[in-house]
Amino acid sequence: MTAKNAKTAIIYARYSTDRQTDVSIETQVELCQNFIADRGWQLLDTYSDRAISGSNYLTRPGIQRVLNRIKSSKVDVVLCVTVDRVSRDAEHGNGFLKRLRYNSTELWTVHGGSSVTDIEMGLRATLSQELVEQIRYRTREGMKTAVRRGKATTCLAYGYRIKLEYDAHGERIPGLREVDPVQAEVVQEIFSLYADGVSPSAIAVELNRRGIPGPRAAAWRDTAIRGHVDRGTGILNNELYLGRAIWNRREYRKNPDTERRIARHNDSDDWVVDERPELRIIPDDLWSAVKRRQLGVRGEFERTLSNPLNRTHRPSYLLSGLLECAECGGPYAVMATGRYGCTNHKKKIPLDVLGGACCSNHKTILRRELEDRILTSIPAALVHMDVFRRTVDKVLQSELAEQKTAAHQTQDIAAALERNRREQEGIVAQMSQRAAEGRRPNAALDDRLDRLDDEREALERQLASAPSMDKPVSDAERLAALRDEINEDTVRTVIHAMLYMMRDHADPQTKQPLIGIIRQLIQKVVIASTPGRQPPALEVHGRIASILAAMETAQIMEAKFKAMVDQDVLARQLSGELDTEDKKQKLLAGYAEELSRKRLEWQQIQVSVVAGAGSNLYLLPEQVKMVAGTGSHHNLLFETAA
């Protein structure tokens, strides 16, 4: 094969767990390179995934970069050592091969020495998936047997250590444990302090102050102490401290859409319980005192819970669960009434990511201020023309289908009315015939006639509200009428009214569905410290940044300006300030004049694109700078000024 006609190839390698090393990747790559050299192919690039299970697919960055590469440029072959390097899941393996075929790319393996066929992929992926399931089953059964024999099946709980005991051959018996006297004293102290009214946060701070190592030698956190009562997690809920080992409370299943492991509670009948009195650390009276206080805390929390939506696991506020500290990566949560702050900074927890130091990000921000800064730029993304056109097309298709369905329903109702009329006439004829023959009345006929009369009235009401069939309307006419109703100005007005309600101008029940819509645009918001009294800097990750990155600077600025205008007009109308159409038109004319001046300013703003490691769009007062790279998300950094 001449160099001109040589196939182009990329290599993909993967190993499964962090117990393996990069040598595994190097070996796979070397085998693939030799394979390519022997055939005179051209190597374009190499991709890999380290310490990632073959059952993962969507969350594997290396395999996703392979797919992006074959979509963006011509690649003849994707080469790996064996098929199971691609995936151990039949669905993902077949899907990967299908995507390669769509882009005219072949999948080859060093082991097979040829292109992978659909049959080979199906068989090997299915066998790999079955092997994984068999290993899981054998592992769980082995753990179940170990628990019944009094052995530890996972890492040791705090308060215990490995017990050194040997069999007749002098080999250490694995899985045995015993009470660690030093850690047991700490466990007893935690239980006593909590029973006396000390909070888990205060206990964690005190233990860290005294330099007492926490579980797995990490710093103490209040969550490690508090845990979850119903799930039996955390120091205060571990029944092993009573001498009772419980296994199989929960099982984990991987969500096929997100590939995240989700815990599910097992029935108590499936639990494996083993009484081990020699492992007891906490007496019954102290355990009972802790349980009483936990019940009291839960009851108090439920009584003072002001927002009933919290009980449904819906986000109470627009950004609940999406806030992250730029310094430590920890969550930002409500610290006081309506104000967010870094939880790690408040708890003064030493963090490994900071070299054992505590987070110094002391910046807090009012919830309303934070939401307002985020909401300010959302209209620009929502009314961006590409998004608008795609949305309108979907709405028009849906509306057109509904109208067609409604037209068919009108015909069905008319036909049902006709059948009803004929049946009533038939029953009346039967009743007349019986009367003429001198026969007694039939109660069943009377009842049926009454039911038909009720049915006729209901059908007539439905027909009155259904679309008229007197003048048939073509699809083109329906579509034109819908386009007159659904236009950019109408949609923008609806969006701005929605965002106005999001700014605490509506009750929680009204805002709840709107929160879900906006959260689809936002992956997370990273909050960074700034000098002095300046408000914190915000970096927004998600679809909104990706959309804005595709827009011209002047488009973004104009969309934000129009959003501000619509919000102001709506607020003035609701307050009664704009009580006449003349006042409204004068206000809009003033804004139109201001918009004309600002358009000239916005045209002077330059856009610069620089290659980098991520995809960030920085919006500053004077300029817009977009940093494009290989990241799968775009990030939007808002100006520091609120």
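Biologist: How are residues numbered, and what pLDDT do local features need?
Modeller: Residues are counted from 1 along each chain as its sequence is written, and side-chain values use heavy atoms, with hydrogens and water left out. Because this is a predicted model, side-chain atom pairs count only at pLDDT 80 or more, totals for chains, interfaces and linings use all residues, and local features need pLDDT of at least 70.

Biologist: In what order do the four strands form the open sheet?
Modeller: Strands here are DSSP runs of E with at least two residues, and helices are runs of H or I with at least four, numbered from the N terminus. Two strands pair if DSSP finds at least two bridges between them. The pairing is parallel, and the order is E2-E1-E3-E4.

Biologist: Which are the edge strands?
Modeller: An edge strand of this sheet pairs on one side only. That holds for strand E2 (42-49) and strand E4 (106-109).

Biologist: Which residue in E4 is the bridge partner of valine 77?
Modeller: Strand E3 (residues 77-80) runs parallel to E4, to which four bridges join it. The partner of valine 77 in E4 is glutamate 106.

Biologist: What angle does the direction of helix H3 make with that of E4?
Modeller: Axes are lines fitted to C-alpha atoms, for helices over the stretch in contact, and angles run from 0 to 180 degrees between N-to-C directions. Helix H3 (residues 90-102) packs on the sheet, touching E3 and E4, where contact means heavy atoms within 4.5 Å. Its direction makes with that of E4 an angle of about 125 degrees.

Biologist: Why is E1 largely enclosed by the rest of the structure?
Modeller: Buried means under 20% relative accessible area, exposed over 50%, and partly exposed in between, with a 1.4 Å probe and protein chains only. In a regular strand the side chains alternate between the two faces of the sheet. E1 is largely enclosed because the buried residues number seven of the seven.

Biologist: Which residues does arginine 65 touch, not counting those up to four places away in sequence?
Modeller: Arginine 65 has its place in helix H2 and, at 40% relative accessibility, counts as partly exposed. Its C-alpha atom is separated by 7.5 Å from that of tyrosine 47, 18 residues apart along the chain. The residues touched are Tyr47 and Ser48.

Biologist: Is glycine 122 buried or exposed?
Modeller: Glycine 122 belongs to helix H4 (residues 118-148), and its C-alpha atom is separated by 9.7 Å from that of aspartate 89, 33 residues apart along the chain. With a relative accessible area of 18%, glycine 122 is buried.

Biologist: What is the relative accessible area of arginine 216?
Modeller: Arginine 216 lies in the loop between helix H6 (200-209) and helix H7 (222-226), and its phi is near 55 degrees, a positive value in a residue other than glycine. It is exposed, with a relative accessible area of 68%.
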